[in-house]
Amino acid sequence: MSWHRLLAGSTKYAVLIAFAAFYLVPFYVMILTGLKPLEDISSFEIWNMPKSLDFGSFREAWNQMDTNFWNSVRITIPGAIVSTFLGSLNGYVFAKWGFRGSNWILFLFVFGMFLPGQGILIPLVWVLQFMGLYGKVNGLIMAYCIFGIPITSLLFYRYYASVPDELVDASKIDGCGFFGIYRRIILPLSGPTFAVVGVWQCTRIWNEYLMALVVLGNPARAPVTVAIKNFSSMGVIPWNLQMAAALIASVPTIAVYLLLGKLFMRGLLEGSLSG
Amino acid sequence: MQSELSARAKSLPALLPKWLRDDRKIAILVLAPSIIAVAVFIYIFMGWTLYISVSNWDRPTLDLSFAGLKNWQRLVNDPRFHIDLRNLVLFAVGYMSQCIVIGFLLAALLNERIRGEVFFRTVFLMPFAVSAVVSGTAWRWLQVPSAGINLLIANMGFENFRPLWYMHPKLGMLAITIMGAWQFSGFVMALYLAGLRAIPDELREAAVIDGAGTIALYRHVFIPMLRPVTFTAIVLTGAGSIGNFEIPSIIGTGPGFATDTLGFYMFEQTFRSSRYGLGAAVATFMLVLSIPLVLPYLISVLREERE
């Protein structure tokens, strides 16, 4: 091996390792700061190791945000299940029962998905107030279900479009109707796509902030993302609690990402329309 | 078993009224609730926002009387709006270029049969799995001007180099782009990596036989072939720049609104000051900015899928 190939090889790894450090440093500092008690917190000691393992900050943060954590669970699970299931039915219609103009409808679904959320916030609050759902967990769940329709329908559509039409036609000849085909042909093939869409929706809903802040600003009812914000707006900034809270809020999505990274990746590629 | 299932499937339509036995009608009926929900909650709401922007609603009590362009005049004359526009340009330039350059670089390196590829890929994409709120919280702590990263810089011997990061009265927005790029550059990396992997090996081999070196290979083969991916990345990061809200909400708007964004300005005017008309004008402005970015992209994707 010539010297310049060796140099090129080690430069590659040096760049990769430098970027890995860049992506990991915030996590590292969150853990480091979260493990220190408040009296040891000083921005000048940000890089110092904690003097001893102290989980007090995590306990304290958890005590202040456990309600919010469970709120997030209560919002994410139904929101993800309903929007995923709706997406499956819609994707099936778009892919196998297309009608005049159905392509345009799908186009409008996807178009809406790329527009900034601020554009619909004021009427959303108004309508939720009108329905008696403003400031309620169910109101936010409903919003997530509706605003999840475009992405879930798109993901399922793209998968179902790849299912051969002959399969559907054959079971039509067997006498199956709309739901019969869905149950016998489409659903049994959908397991992996349900997993991809479910993981994607869970992550998105768990991490959502803007709508949560507007619809569920009340600290007792808010999900974790809003709880982190509330930690950071305390008079004196308790860095240790903030870091511990941010980490606790990230545990479920990081766990899902590490365990089901492949599904996460597929959702990402398909959802950005480049899969 | 199968015949039993199909018998059950057959019996279902028989129970329905005659006009519902047509499968195509059932399909439309199944889709109908979603169409209505999206039509109302996205498109009618956007139209409604547009209307509120020309209404007199600037206090907590609802007032939908027509006000003409009053809110728009107020918006155009608001110095904070001017700062936010400048901030949007700063943010978009910094954020988009970081995401695209870093994303492309990392994808190109990972495509070189690297040892530990799975590890690097997992690490690069990890920030994308957490909320933007988490990013803002962690980076605010790292970018404290008196300590944080600046301590590391000082320890490396550059004691006179002490950037103010997000506290900078003019360029604070550029510090915020780091927080955004930290989260999204891994996503762009994943897009490019998938794109690179989809390029057939024969193409690469043919170019190498023709005498192309690595740089020529990228310039004349890979980068042109990855144009659709770059298009995707531009649209996604551009839309992210327009909608940017989470980080200023966590970090604050900085000295002289140096880290303020349109999204946060809209939020504050609407939900903190009850100036609904003005907030709606900002929101409408954000929508109008997004349309020319997203529309050509979707049309081109659609056209490609048809082929």
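Predicted model: local features only at pLDDT ≥ 70, side-chain atom pairs only at ≥ 80, totals over all residues.
Which residue of chain A forms a salt bridge with B:Glu112?

Residues are numbered from 1 along each chain as its sequence is written, chains are lettered from A and ligands numbered from 1 in the order in which they are written, and side-chain values use heavy atoms, with hydrogens and water left out.

Now to the opening question. The partner of B:Glu112 is A:Lys12, and their closest N and O atoms are 3.5 Å apart. A salt bridge here is a side-chain nitrogen of Lys or Arg within 4 Å of a carboxyl oxygen of Asp or Glu. Across the interface of chain A and chain B, the rule finds 1 salt bridge.

Let's stay with that interface. In it, 94 residues of chain A are in contact with 101 residues of chain B, contact being heavy atoms within 4.5 Å. The size of an interface is often given as the accessible area lost when the parts come together. Here the buried area is about 9,100 Å², and carbon and sulfur atoms give 80% of it. That buried area is what two parts lose in accessible area (1.4 Å probe) on being put together, summed over both. On the chain A side, A:Tyr23, A:Gln118 and A:Ile122 supply 9% of the area buried against chain B, more than any other three residues.

Next, chain B as a whole. Its secondary structure comes to 14 helices and 0 strands, where helices (H or I, at least four residues) and strands (E, at least two) are DSSP runs, numbered from the N terminus. Chain B has a radius of gyration of 26 Å, well over the 19 Å from the globule rule for 307 residues, so it is more spread out than a compact globule. For the radius we take C-alpha atoms, and the globule rule is 2.2 Å times the number of residues to the power 0.38. Those C-alpha atoms fill a box of roughly 85 × 70 × 35 Å along the principal axes.

How much of chain B is buried? Buried residues make up 53% of the 307, with buried meaning under 20% relative accessible area, exposed over 50%, and partly exposed in between (1.4 Å probe, protein chains only).

Please find helix α6 of chain B, residues 132-142. Here 11 of the 11 residues are buried, so the helix is largely enclosed by the rest of the structure. Among them are B:Trp139, B:Arg140 and B:Trp141. What do the buried residues of α6(B) pack against? In chain A, they meet α1 (3-34), α10 (224-232) and α11 (239-259), and in chain B, α7 (148-155), α8 (172-197) and α12 (246-251).

Most residues other than glycine have a negative phi, and most peptide bonds are trans. B:Arg113, however, has a positive phi near 50°, and B:Ser274 has a positive phi near 55°. B:Arg113 sits in the loop between α4 (79-110) and α5 (117-125) of chain B, while B:Ser274 is in the loop between α13 (262-272) and α14 (276-306). Are they buried or exposed? B:Arg113 is exposed, at 78% relative accessible area, whereas B:Ser274 counts as buried, at 15%.
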